[in-house]
Amino acid sequence: MRIFRTSRILVTVVTALITIVAIAAVRAHDDSSSVAVPEYTVTMETQAELDSLFAIINADYLPLKPMFEKSCFDCHSDQTEFPWYYELPGIKGIIKDHVKHGRAYLDLSNDFPFAGEDDILEILEEIREEVEEGEMPLFSYRLMHWGRLIEGAQQDSLFNWIDQSTARMKELYQRHGIPTESEEEEADEY
Ligand code: HEC
């Protein structure tokens, strides 16, 4: 009788142990599956190097700025020129909406590095994509503002600037082990 009870206690204890070990194993597995890129703190030297690279990129941007002013500033800056039809019923709301959303994605008001939702590297790549696909400036805007598409030689110089700038930034990021946003997203997926 006594032996029987002891063995029951033993079984309970062993079962409990196995459960604890199993839970710990599952937890450990979960942890390893959600390991994110370690938070990166930019040292002062790295920041100084980044700042001087941004200054160089900005110097190369300034000759291209008139192109942005003509094609993008109405919706992506604090210098919107409202058109004559702004006062027409219903139009004001649409335009205000464009400027509000446009500036949240990309704000060109203060030169390079541009402000926006994403990391500046992503912003540059998005600008290239939108212009290449003819998505920006918005079609509805182009209907009322002819000749605002960035095409031909202008597009070439824009893309050269973007490609050169992103290559320089990626080189610096890599050298200092700074994760880019797309790498972080990839890491989150595991
Ligand atoms: C008529 C207003 C307007 C003009 C002009 C305009 N944009 Fe936009 N832009 C928007 C709006 C609104 C959005 C928000 C997203 C959307 O509606 O596609 C946006 C979004 C963007 C985005 C983010 C896209 C994404 O999906 O992440 C980029 C990049 C961009 N614009 C670049 C430009 C560039 C470069 C120019 C000039 C060549 C330009 N835009 C001209 C209104 C405008």
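**Group meeting: a predicted helical model with a ligand**

Helices here, like strands, are DSSP runs numbered from the N terminus, with at least four residues of H or I for a helix and at least two of E for a strand.

Two words on the ground rules. What we have is a predicted model, in which local features need pLDDT of at least 70 and side-chain atom pairs count only at pLDDT 80 or more, while totals for chains, interfaces and linings use all residues. Residues are numbered from 1 along each chain as its sequence is written.

As for the overall layout, the secondary structure of the protein comes to nine helices and two strands, and along the sequence these follow the pattern α-α-α-α-α-β-β-α-α-α-α. Of the 190 residues in the protein, 12% are buried, where buried requires 20 or more other C-beta atoms within 10 Å of the residue's own, exposed requires 12 or fewer, partly exposed lies in between, and the C-beta atoms are placed from the backbone. Among contacts between residues at least 6 apart in sequence, 69% join residues at least 24 apart; a contact requires the two C-beta atoms, placed from the backbone, to lie within 7 Å.

Let me return to α8 itself. This helix has 24 residues and reaches 35 Å from its first C-alpha to its last, close to the 34 Å expected at 1.5 Å a residue, the expected span being 1.5 Å times one less than the number of residues. Its buried residues are L158, I162, S165 and M169, and they pack against α2, α3 (65–71) and α6.

How do α2 and α8 lie relative to each other? Two packed helices are described by the angle between their axes and the distance between the axes. The axes of α2 (residues 44–61) and α8 (residues 152–175) come within 11 Å and cross at roughly 175°; such axes are lines fitted to C-alpha atoms, for helices over the stretch in contact, with angles from 0 to 180 degrees between N-to-C directions. The two helices are therefore roughly antiparallel, since angles over 145 degrees count that way, whereas those under 35 are roughly parallel, 65 to 115 roughly perpendicular and the rest oblique. On the α2 side E49, L50, L53, I57, D60 and Y61 take part, and they meet W161, S165, R168, M169 and L172 in α8. By class, this contact has seven nonpolar, one polar and three charged residues, with Ala, Val, Leu, Ile, Met, Phe, Trp, Tyr, Cys and Pro taken as nonpolar, Asp, Glu, Lys and Arg as charged, and the others, Gly among them, as polar. R175, also in helix α8, is exposed, with 10 other C-beta atoms within 10 Å, and its C-alpha lies 9.9 Å from that of T46, although 129 residues separate them along the chain.

Now to the ligand. A shell of 19 residues surrounds the ligand, the closest being C72, C75, G102, M136 and Y141; a residue is near a molecule if its C-beta atom, placed from the backbone, lies within 6 Å of it. Helices α4 (73–76), α5 (91–105) and α6 (120–132) each supply at least two residues of this shell, which divides into eleven nonpolar, five polar and three charged residues.

Some backbone details deserve a look on your screen. Most residues other than glycine have a negative phi, and most peptide bonds are trans. Against that background, the peptide bond from M136 to P137 is cis, with omega near -5°, and P137 is found in the loop between α6 and α7 (139–144). The bond from F112 to P113 is also cis, with omega near 0°, and P113 sits in the loop between β1 (106–107) and β2. That loop also holds D111, whose phi is positive, near 60°, and which is partly exposed, with 13 other C-beta atoms within 10 Å.

Finally, T180 is found in the loop between α8 and α9 (181–189); leaving out residues up to four places away in sequence, T180 touches D119, L121 and Y173.
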